[in-house]
Amino acid sequence: MAFGGTLIFMIVYIWSRFTPDQPVSLMGVVKLKAFYLPWVLLLMTKVMGGSPIPDLIGILVGHLYYFLKVLYPNGSSPDLLQTPKFLSDYIQNLYGGFGYVNPNYQAPRAAPTAFRGRGHRLGAD
């Protein structure tokens with residue numbers, strides 16, 4: 001069984017909680033706030049004849065993550081979802097930490113353009 005749709009719904013739910021007032025356009029027709037996006041997508045799945053169970057599981061898992069990582073620690077409670085120390089140490093040793101930037105990185109040169117003329121506006125003499 002593939003859980004791709006469930007994972008996507010979890011990510012959409014978490015994103016919608018972090019940016020609830022972000023305007024979202026659904027297929028260029030309906031405009032709504034990001035807060036409602038997971039529920040509208042769930043409704044669309046149901047209307048199109050699909051099973052809403054994987055989508056609901058994604059929303060529930062996303063809510064569990066959001067609760068344990070954001071809401072619960074805000075109430076002066078411990079963070080229950082910390083990155084394990086061995087993984088943090090491994091990343092620190094391997095890359096120099098999270099958000100590591102390679103000091104020797106050089107951006108690639110811009111590709112040469114084939115046409116360097118002045119150009120002419122259409123309809124202008």
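Predicted model: local features only at pLDDT ≥ 70, side-chain atom pairs only at ≥ 80, totals over all residues.
Which elements are included in what covers the buried residues of helix 1?

**View 1. Helix 1 and its cover.** What covers the buried residues of helix 1 includes helix 2 and helix 3. The residues of helix 1 that are buried are Thr6, Phe9, Val12, Tyr13, Ile14, Ser16 and Arg17. Helix 1 has 15 residues, which at 1.5 Å a residue should span 21 Å, and this agrees with its end C-alpha atoms, which are 21 Å apart. Ile11 also belongs to helix 1, but Ile11 counts as partly exposed because its relative accessibility is 49%. From Ile11 to Pro38 the separation is 27 residues in sequence, while their C-alpha atoms are 9.6 Å apart in space.

**View 2. Helix 3 along its length.** Helix 3 takes in residues 53-74, and its 22 residues should span 32 Å at 1.5 Å a residue, which agrees with the 30 Å between its end C-alpha atoms. At Phe67, helix 3 bends by about 40°. Seen along this helix, the buried residues are Asp55, Gly58, Ile59, Gly62, Tyr66, Leu68 and Val70, and the buried residues of helix 3 pack against helix 1 (4-18) and helix 2 (37-47). Just after helix 3 comes Ser76, whose phi is positive, at about 55°.

**View 3. The crossing of helix 1 and helix 3.** The axes of these two helices, helix 1 and helix 3, come within 7 Å and cross at roughly 45°. That angle makes helix 1 oblique to helix 3, and the crossing in which helix 1 passes helix 3 is right-handed. On the side of helix 1, the residues that meet helix 3 are Thr6, Phe9, Met10, Tyr13, Ile14, Arg17 and Phe18. On the side of helix 3, the residues that they meet include Pro54, Asp55, Ile57, Gly58 and Ile59, and also Tyr65, Tyr66 and Val70.

**View 4. Helix 2 against helix 3.** Here the axes of helix 2 and helix 3 come within 9 Å and cross at roughly 165°. Because angles over 145 degrees count as roughly antiparallel, helix 2 and helix 3 are therefore roughly antiparallel to each other. Their crossing, that of helix 2 and helix 3, is left-handed. Helix 2 contributes Pro38, Trp39, Leu42 and Thr45 to the contact, and helix 3 contributes Asp55, Leu56 and Ile59.

**View 5. The loop between the two strands.** Met27 lies in the loop that joins strand 1 (23-26) and strand 2 (30-33). The phi of Met27 is near 60°, a positive value in a residue other than glycine. With a relative accessibility of 64%, Met27 counts as exposed, because the cut-off for exposed is over 50%.

**View 6. The whole chain, for orientation.** The protein has 4 helices and 2 strands, and from the N terminus on its elements run in the order α-β-β-α-α-α. Of the 125 residues in the protein, 18% are buried. Among the contacts between residues at least 6 apart in sequence, 31% join residues at least 24 apart.

Notes
Residues numbered from 1 in each chain as written. Heavy atoms only, no water. Expected span 1.5 Å × (residues − 1). Bend = angle between axes of the 7 residues up to and from the residue. Buried < 20%, exposed > 50% of the residue type's maximum accessible area, 1.4 Å probe, protein only. Contact = heavy atoms within 4.5 Å. Axes fitted to C-alpha atoms, helices over the stretch in contact; angles between N-to-C directions. Parallel < 35°, antiparallel > 145°, perpendicular 65-115°, else oblique. Left-handed = near helix turned anticlockwise from the far one by under 90°.
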